[in-house]
Amino acid sequence: MNVRILNRCRTKYNSRDIKMFTLIKRELIDNIALLLLAAIVPAIIITIVIKGVLEGVAYLPIGIPVIMVRILWPYLLCGAFVAAGCGAAQMNDDSQRKLSTFLSVLATTRGRIFIARTVLGVMLILIMFVPLVVTDVVLLKIFARPVPLDMNFLIRSFATILATFVCCYAIGLQVGWRSSKLMAILFGVALSAALILVVAIKGFGVESIIILVLFTVASLIWTWHKFLSLPL
Amino acid sequence: MNSQKGYVINVVFAGFMAVVVLSTVLFFGRFLCLQTLLDLMPSDMALVRKSPSGLLGDWDMWPKESVTDSNAVASPSSIVIQADDDIMANLGFLEAFDPDNRSEQLVSPDIYGFSEEYEGWRHMFYFDKALGLLVSCDIGREGLDDKGRWTGKWIKKINWYAGPRGISQKPGGIGRFGDFLVFRNVWLPYIVVFDRDTSQFVRIDFEKKEVQTGPKIEPNIVQIGRLIKNDRAMMGPILTPPQRKITKYKTRPNGKVVEYARYESILQKVSFITGTGSELVLDNSGTIYKLNLETLELEERIGALPWPGVRGSLAYEVKPISIQGSYAGLIAGGIGPDIFRPGFLVFDEDGNPIREERGDVELSRFGGGPGLWVANFVLETLHAPILQLAAYFTSLMFDGADGPRSLFILPNSLVGRKGAYCSREGLVEYILGLWVILPSLAISVLLAWRVEKDARKVGISSKAKCWWAFTTVAFGLAAYITYRLTRPQLALVTCANCGCPRRPDMERCHRCGSRWLVPELIPPLWRVIEKSRLDETRDFSPDQPNHEDSEQITKK
């Protein structure tokens, strides 16, 4: 943890609450390595997609480029495990280094600490998610299809992938409060695998999204209650 | 925070997570059982076969009837259908993981055909959702490089727009299609559209620039032309025409004469079309009609699917048969909700059923069959009884193709199939058929008893105990797992009054009801005694404390 920032917080906000932005900033600096890891996943996937689309330019441009569809599963698997691992590592760091214990003596609440942590998680997921979506949209604009595309398929797929990332991150947070960091990450990844199987059974679609969203809500609320009532 | 409220929230959400994770694990357990069962099953049991087909008339026994060659060996025609032994093909993940099998997703469900490339151009029909019109266009590239490769941009030349009221080079004034089905045959110069909003067939001829509308029809049409559903789940129906084996001789370079066999069939005389000027259509009830492409009227009923309704089948395919260009009948093959029961119906040219064959798996005929079936049943039994009850009453509402993907309510389970069967037998049978849920209910009651026993030990209030018992009976193993995850994790202390373990976070002992402070003058209800004297003091039971005494002590 960056103690210097906290000391500055302590002096600057001596009589006031620590602002949410400061908490998020602290989370960001503490977990910069995780964010970099999260950035590697879309970077690899985007490279593969661009290469595949450029190779397919000579063929009749109807429908979604094959590579954009083929890459969905590898992307889902990599992203989901990274998200679960990040969530677990984030929570485990807190447990090991007693970050929340220290922050609780300052003018803030556990709820705000948890929200700041979740905001960072959402940022992490967006870092993994948004660049690929933007790349696909830009590629489909540059190499425009003369016949309307079945965009519904891509929208469904990306919505399911986003829901899976968020859900796996929530699971990571939930199982992360363990003594061993390795066990926390492994447990998070194992539970994520069970959720990925839900997508494997149902496919990319509304049914998967509903299950994943409900699971995310349930997991986050459970973690919230646990985090707020846990003896530090 | 209100701890009671927090506990309830925890239980509800932990319960939901337990249901999802448990259902997923059980799904893959059942998946493994069924897949192993299919792998172990002898190949003759997995397929349904009928010979002769009955469709080819005199040709069915062709070599016997028409050949005088003494070498000919009769092999009559036959029909075969088989469920695909890879049930993974029914899972949703293939949609994106194996896009080659789902080419319509890659191309677009709105493209109804495109021609072969000719000088860099392709002709194409597609539906423009924004306009609500069918579009006929040419797509190609302009510009060639030195090596003769097309280098320019892809361009589209729109030829015509077609709507329900006409054809035009501009999109306005020709109406809009809403919900519709399209039939397109590359050999025909026109497209036939069934407009579901008006229940009429519309024929669009782009060459003659004509739009012809047929009369209103009653049946709710769901498919035109190729009648097929979830074809990845099965192989067939395959019609094998009769063959004869002809023994021939040839001389090798060394002068030796060798014998070899050659097979001849009448395949060239059999084609899988309805004949000229008509096409198959399927309505929602599973009835197959012939559509006259000239008048756009439905002709007579010519067949039906082997299982009632379009939604009732896991998969189906209908194959019309023509001999030398004239319609001879059709084969309607499919798999019911049960993956182990492929079957087919054969209809003659007048729509009369002439053959019916349905598969039946005898599990005792192969090693491991009964064991795997029992394992599958046990895994189904571990599902929540309330979800099994839902499957019993709602299995007919599910699409047959959704069964293999079901996670929570299992229409393809034994309970679901029993419910579907009993619903057709009458109300009494429908109610009596509920016995299939009893094993699951028995497990749930056992788990509820375990929960109640543990809850008493932990000191959960009687109201909460009731809720837990009720929930465990309803949700079975999932509720039990939830209980284990959310039960209070407290170190119990010895009660000063009754001597039994009591919760430190409650004001009164959950066993004897006494408060924390017990006046010293009143002797406690418990004693430490030697084991040898246990029989003498059998009437003294610390588990049955005198509550009245406790109350009096408190009042004093």
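How many bridges join strand β16 (residues 243–251) of chain B to β17(B), and in which direction do the two run? The legend to the first view gives the answer. The model shown is predicted.

**View 1. Strands β16(B) and β17(B) form a hairpin.** The two strands are joined by 9 bridges and run antiparallel. β16 covers residues 243–251 of chain B. β17 covers residues 257–265 of chain B. One pair can be picked out by name: B:Lys245 has B:Tyr263 of β17(B) as its bridge partner. Between the strands lie 5 residues. In the turn, B:Gly255 has a positive phi of about 90°. Strand β17(B) is hardly covered. Of its 9 residues, the count that are buried is 0.

**View 2. An open sheet of 4 strands lies in chain B.** The strand order is β9-β10-β11-β12, and the pairing is antiparallel. Strands β9 (180–184) and β12 (210–216) of chain B stand at the edges. Each has a single partner strand, so one side of each is left without a neighbour in the sheet. From one strand to the next, the twist averages 20°. Strand β9(B) is joined to β10 (residues 190–195) of chain B by 5 bridges. Among the residues of this pair, B:Phe180 has B:Asp195 in β10(B) as its bridge partner.

**View 3. Chain A is built from helices, with 10 of them and 0 strands.** From the N terminus on, the elements run α-α-α-α-α-α-α-α-α-α. Chain A has 232 residues, and 42% of them count as buried. Take the contacts in chain A between residues at least 6 apart in sequence: 83% of these join residues at least 24 apart.

**View 4. Helices α3(A) and α5(A) pack at an angle of about 180°.** Their axes are 10 Å apart. An angle over 145 degrees counts as roughly antiparallel, so α3(A) is roughly antiparallel to α5(A). From α3(A), the contact is made by A:Leu34, A:Leu37, A:Ala38, A:Val41 and A:Ile45. Helix α5(A) brings A:Tyr75, A:Cys78, A:Gly79, A:Val82, A:Cys86, A:Ala89 and A:Gln90. The residues of this contact divide into 10 nonpolar, 2 polar and no charged.

**View 5. The largest nonpolar core has 92 residues.** The residues with the most contacts inside this core are A:Ala83, A:Phe165, A:Cys167, A:Cys168 and A:Tyr169. Helix α8(A) gives the largest share of the core, 12 residues. Look at A:Cys168. Leaving aside its neighbours within four places in sequence, A:Cys168 is in contact with A:Ala80, A:Ala83, A:Ala84, A:Ser192 and A:Leu195. Another core, of 65 residues, lies apart from the largest one. Among its residues are B:Phe183, B:Ile191, B:Val211 and B:Ile331.

**View 6. Chains A and B meet through 36 residues from chain A and 38 residues from chain B.** On the side of chain A that touches chain B, the elements that give two or more residues are α4 (66–70), α5 (72–97), α8 (151–175), α9 (181–202) and α10 (206–229). The largest share of this side, 10 residues, comes from α10(A). By type, the residues on this side of chain A divide into 27 nonpolar, 6 polar and 3 charged.

Technical notes
Residues numbered from 1 in each chain as written. Chains lettered and ligands numbered in written order. Predicted model: local features only at pLDDT ≥ 70, side-chain atom pairs only at ≥ 80, totals over all residues. Contact = placed C-beta atoms within 7 Å. Nonpolar A, V, L, I, M, F, W, Y, C, P; charged D, E, K, R; others polar. Buried ≥ 20, exposed ≤ 12 C-beta atoms within 10 Å, placed from the backbone. Core = buried A, V, L, I, M, F, W, Y, C linked by C-beta atoms within 7 Å. Axes fitted to C-alpha atoms, helices over the stretch in contact; angles between N-to-C directions. Parallel < 35°, antiparallel > 145°, perpendicular 65-115°, else oblique. Pairing = 2+ DSSP bridges.
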